[in-house]
Amino acid sequence: MNVDAVVLDVDGVLVDVADSYRRAIVESIDVVYGDTIEKAEIQLFKDAGGFNNDWALTDAAALFVLADRDGLAMGIEEFTAEIEKRGGGLDAAEAVVDAALDDDAAARVFDAWDPTELREVFQALYLGSERYVELEGAEPPIDAPGFIAEEPIILEGSTIDALAEFCVCVLTGRPEAEAEFALDRVGLDVPPERRFTMDDWEEGKPHPRALVALADRCDADSVAFVGDTLDDIETTVNARDADPDTDYYAVGVLTGGLTGDEGREKYDAAGADVVLDSVNDLPDILE
């Protein structure tokens, strides 16, 4: 691919989050409700779409756990399939619960559901107690060492060197402070004007605004966006419609939740231009 700019997601692309963000999803629900989903089942929500924000995914998975307790007549695969049919995301998850349960059961589920507590526990688990106080400005709800500092680094120094000739940007659903921490650990220097984080745009993926803005800031005629979810691929596809004068290439990597032959098939079906084993294979296909 002949490109001027390379836009990188963080989670699953630069760092491995299987035992950090995804672990925080599972354990947050367990801490609050004494029951949870399996880590592998997180990908069902990701594939349903609209869950680039892991706080929203945690909320939706907690809804499933609570509804399952109250007689939900569907397993998690059917639950997430119904979410996908309704357009994906947390609003769709709420609608599925509301439609699948009788009024009394649905009321009990939504009364027990507490996104604020889930988010606070999630952040405490992920950041650790010390960073929680620093970033959240409050005492953590539980004492935890934090998963953030243990995320394995995927991006290699040689890849950073090879990408230096391109306008490198970052587009992530992480909050700014957490994105900054990951970039520092990875050793990737990306100026603020070439980053979009959760704090910079309300729409989130797969809305194309941030990707189109980064292309404009790089004055790029062609852009490769590297991500690890179907929402990342859809973001690129949407950018083509929003900005037809620029070429956008969707690159999926198999270092996130989508792996192996099944992951490749899902990427292909979503419209990926290329699927790589990892971001470190990217320089070999760029011109």
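This is a predicted model: local features need pLDDT of at least 70, side-chain atom pairs count only at pLDDT 80 or more; totals for chains, interfaces and linings use all residues.
User: How much area do domain 1 and domain 2 bury between them?
Analyst: Contact here means heavy atoms within 4.5 Å, and 17 residues of domain 1 are in contact with 18 residues of domain 2. Buried area is the accessible area (1.4 Å probe) that two parts lose on being put together, summed over both. Carbon and sulfur atoms carry 47% of it, and the total is about 1300 Å².

User: Which three residues supply 32% of the area that domain 1 buries against domain 2?
Analyst: No other three residues of domain 1 supply more of that area. The trio is Asp16, Glu178 and Asp231.

User: How far apart are the closest N and O atoms in the salt bridge of Lys266 with Asp47?
Analyst: A salt bridge needs a side-chain nitrogen of Lys or Arg within 4 Å of a carboxyl oxygen of Asp or Glu. For Lys266 and Asp47, the closest N and O atoms are 2.6 Å apart.

User: Which residues are closest to the centre of the largest pocket?
Analyst: A pocket is an open set of points on a 1 Å grid over the protein atoms alone, with protein on both sides within 12 Å along at least five of seven lines, and lining residues have an atom within 4 Å of a point. This one holds about 280 Å³ of space, the volume being the space filled by probe spheres set on the points, which are joined across faces, edges and corners. Both domain 1 and domain 2 give at least three residues to the lining. Of the 13 lining residues, the closest to the centre are Asn53, Glu202, Glu203, Gly204 and Lys205.

User: And what volume does the largest cavity have?
Analyst: In a cavity, a 1.4 Å probe fits but cannot get out. The largest cavity is lined by 19 residues, with Asp11, Tyr21, Lys46, Asn52 and Asp54 nearest its centre. Its volume is about 210 Å³.

Terms used:
Residues are numbered from 1 along each chain as its sequence is written. Side-chain values use heavy atoms; hydrogens and water are left out. Domain bounds come from an automatic or database domain assignment.
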